[in-house]
Amino acid sequence: MKAVLAIIKKEFARFFRDKRMVLTTILMPGLLIYVVYSAIGAITQSMVEDSAQPVVYVQNMPQSLETVLESVLEVREQTVSDEEAKEQIINGDIDALVIFPQNFDGLTVSQNVPEVSIYYYSANTTSSSAYSVVVSVLNSYEQQIANIFDINAAQDVQYDLADSRSVSAYVLSMVVPMVLIMLMLSGCISVVLESIAGEKERGTIATLLVTPVKRSHLAVGKILSLSAIAVLSGVSSFVGLILSLPALMSGSGVEFTLAAYGALDYIGIFLVVISTVLIFVGLLAIVSAYAKSTKEANGLIAPVMILAMVCALCSMFITSPSIGLYFIPVLNSTLCIAALMAGTFAVMPFVITMCVNIVFAALLSVLLGVMFNSEKIMFNK
Amino acid sequence: MQDDCILKVEHLTKSFKLPLKQQKLEGGNKIKVAVNDLSFTAFKGEIFGLLGPNGAGKTTTLRILATLIRPDGGDAFIDGVSVVSNPYGVRGKIGFLTSELKLEDFFTPNYLFDFFSELHSVPHDVRDERKRTLFARFGIDKFAEVKLANLSTGMKQKVSIVVSVVHDPGFIIFDEPTNGLDVLTAKTVTDYLAELRAAGKSIILSTHIFSLAEKLCDRVGVIVDGRLVALDTLAALTAQKSLEDKFFDLYSEAVGGRA
């Protein structure tokens, strides 16, 4: 036990005394995610706000549509020929040319099918939005005059029963498991490869192997300390992500309320994260111990990454998982996180997940200890 | 000669698998025998030298004694403890020094001394006392808080020596002790080995440098191609001619006899 503590202390000293490592592994990921996502949110928001009203020419403006069209478009008097107007559209001087037939209103009443032409330039954002605005106005007008039935027509009834809390819970339950898994994995990769494959490559791990420290203690010490560091890295990214979500989503119309979750939800997620990180660190440690160098380890971890990705993706498609799925490590973590975010948390799957993950991580650390004992693995060059 | 035996090597054998292409070159031989039925004994308080050319199996033998690798056959007992059945017991008794075992560049000599003391469960007061003595002996006190990365090769070697004896082992295994060191540092190392012997420690070292063996060793085992071809006191081996000439005789005898 003393040896395990000594190993953990050394790994922490190695990490936390190295300002550069702390900066790149813990502070940077969260900060970067926060800054980048907030910036993306700010940019999309400003795009939504800044979009100027499209400028259009309208020929034979029907009375029935005049008010609607003029409220969403800037209708300008056409002083040039149609050909010149099309030229202006291409040059971006105006955005569209809408030609109604004469007596459009009369024709629609008399069951004739009049034709409306809209000239626009799809390679220009404002022009194509002018086009879609006109089309949607015309479509809704068409439904209005040939009205057979109405859908959700009452003004004062809220038909979507989901409040903004449940909407954000749904969106988060889709997004968060995936993002969390990837963040955890990248946090683990950066510390584990360096500490195991790196130490093996530099010959410093062999020095530990001639001391009376048990191989299993060395493995446990490494896995625990590296997991703690990886969790910190993951938490940093997670906090960055959560803090940037309101800004990121502000343009999408979904209001994010993190207050939807209580302390218990967050504790649950945190426990799942820890158990998953233990597994990732164990898997990556085994790959690293097998590899001859950090470079080789970097190549060999591809299968681990793919498996993690698959598990993360699965949680998006499995909406009502059977209890058996919770016996599969990592997949159970993503399902648990999804359930916690969606507010469909149940105790049994959570308990199974924690037990399975911890047992699996323990098996991995036993395997790592066995590998540390193998001269073929530790001394192959 | 002392009667107490500290190291007893019995029929030690170790072979490695050859790569496929090399197997073809060697006419279908699948393995290379690195250590071939090696037996010898070393006594308490002496410096035992394993002498041999590059590739003779010296390093492999020492690695087996240090419990880093397991022999295919045979066994070795250090102070009565088997390297095969009780490697953990052996590790607490030995200090192993080789250029292959490195220390982490990031840490200072002071930190590393404490860390390895912890791994060997050395009590703190003993550790501090020992650290003071050893650091003063090797002049490490002057750079005790400088990261290893910023030290010269000689300084690093001194730190390695000090760290390998944090637990005051009775038996020290030293692979090529002066390789890559300048004459001054090499002298510090050889002087220290002599001091250890004077303090009653037992040492086994491997070398291909005859002058070093002549200067330090009490008894010498000569190995060629994994086989022990001579084992005697230095005095007996060098009775008629220099160790180097004697070695050439032994070598041509061994290689000639086999061919």
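In what sense do β3(B) and β8(B) pair, and over how many bridges? In the predicted model described here, the two strands pair in the parallel sense, and five bridges connect them. One of the facing pairs is formed by I47(B) and I203(B), the latter in β8(B). On β3(B) a further parallel pairing is found, with strand β9 (residues 219–224) of chain B, over four bridges. Here L51(B) has V222(B) of β9(B) as its bridge partner.

These strands belong to an open sheet of six strands in chain B, arranged in the order β6-β7-β8-β3-β9-β10 with mixed pairing. Its edges are formed by β6 (94–97) and β10 (227–233) of chain B, each of which pairs on one side only. From one strand to the next, the twist averages 15 degrees. Helix α7 (residues 183–198) of chain B packs on this sheet and touches β3 (47–51), β7 and β8 (202–207) of chain B. The direction of the helix makes about 150 degrees with that of β8(B).

The burial of β3(B) was examined residue by residue. Five of the five residues of this strand are buried. In a regular strand, side chains alternate between the two faces of the sheet. In β3(B), I47(B), G49(B) and L51(B) point one way, whereas F48(B) and L50(B) point the other way, and all are buried.

A second open sheet in chain B contains four strands in the order β2-β1-β4-β5, with antiparallel pairing. Because β2 (31–43) and β5 (81–82) of chain B each have a single partner strand, one side of each is left without a neighbour in the sheet. Strand β1 (residues 5–17) of chain B and strand β4 (residues 73–78) of chain B run antiparallel and are joined by five bridges. In this pairing V9(B) stands opposite A76(B) of β4(B).

Taken as a whole, the secondary structure of chain B comprises ten helices and ten strands. The radius of gyration of chain B is 19 Å, close to the 18 Å given by the globule rule for 259 residues, so the chain is as compact as a globular protein of that length. Along the principal axes, the C-alpha atoms of chain B fill a box of roughly 55 × 45 × 35 Å. Of the 259 residues in chain B, 41% are buried. When contacts in chain B between residues at least 6 apart in sequence are considered, 70% join residues at least 24 apart.

Most residues other than glycine have a negative phi. D168(B), which is not a glycine, has a positive phi of about 50 degrees, and this residue lies in the loop between α6 (153–164) and β7 of chain B. E176(B), also not a glycine, has a positive phi of about 45 degrees and is located in the loop between β7 and α7 of chain B. D168(B) is partly exposed, because 13 other C-beta atoms lie within 10 Å. E176(B) counts as buried, because it has 20 C-beta neighbours inside 10 Å.

The contact between the chains takes 20 residues from chain B and 19 residues from chain A. On the side of chain B that touches chain A, α3 (87–91) and α4 (109–119) of chain B each supply at least two residues. The most is given by α4(B), with four residues. By residue class, this side of chain B divides into eleven nonpolar, three polar and six charged residues.

For chain A, the domain assignment gives domain 1 (2–41 + 164–378) and domain 2 (53–144). The centres of domain 1 of chain A and domain 2 of chain A, taken over C-alpha atoms, are separated by 55 Å. C311(A) is found in helix α12 (residues 302–317) of chain A. This cysteine is buried, because 21 other C-beta atoms lie within 10 Å. Apart from its neighbours within four places in sequence, C311(A) is in contact with I181(A), V330(A), L331(A) and T334(A). C311(A) and N332(A), 21 residues apart in sequence, are 8.4 Å apart in space from C-alpha to C-alpha.

Technical notes: Residues numbered from 1 in each chain as written. Chains lettered and ligands numbered in written order. Predicted model: local features only at pLDDT ≥ 70, side-chain atom pairs only at ≥ 80, totals over all residues. Contact = placed C-beta atoms within 7 Å. Nonpolar A, V, L, I, M, F, W, Y, C, P; charged D, E, K, R; others polar. Pairing = 2+ DSSP bridges. Axes fitted to C-alpha atoms, helices over the stretch in contact; angles between N-to-C directions. Domains from an automatic or database assignment. Rg over C-alpha atoms; globule rule 2.2 N^0.38 Å. Buried ≥ 20, exposed ≤ 12 C-beta atoms within 10 Å, placed from the backbone.
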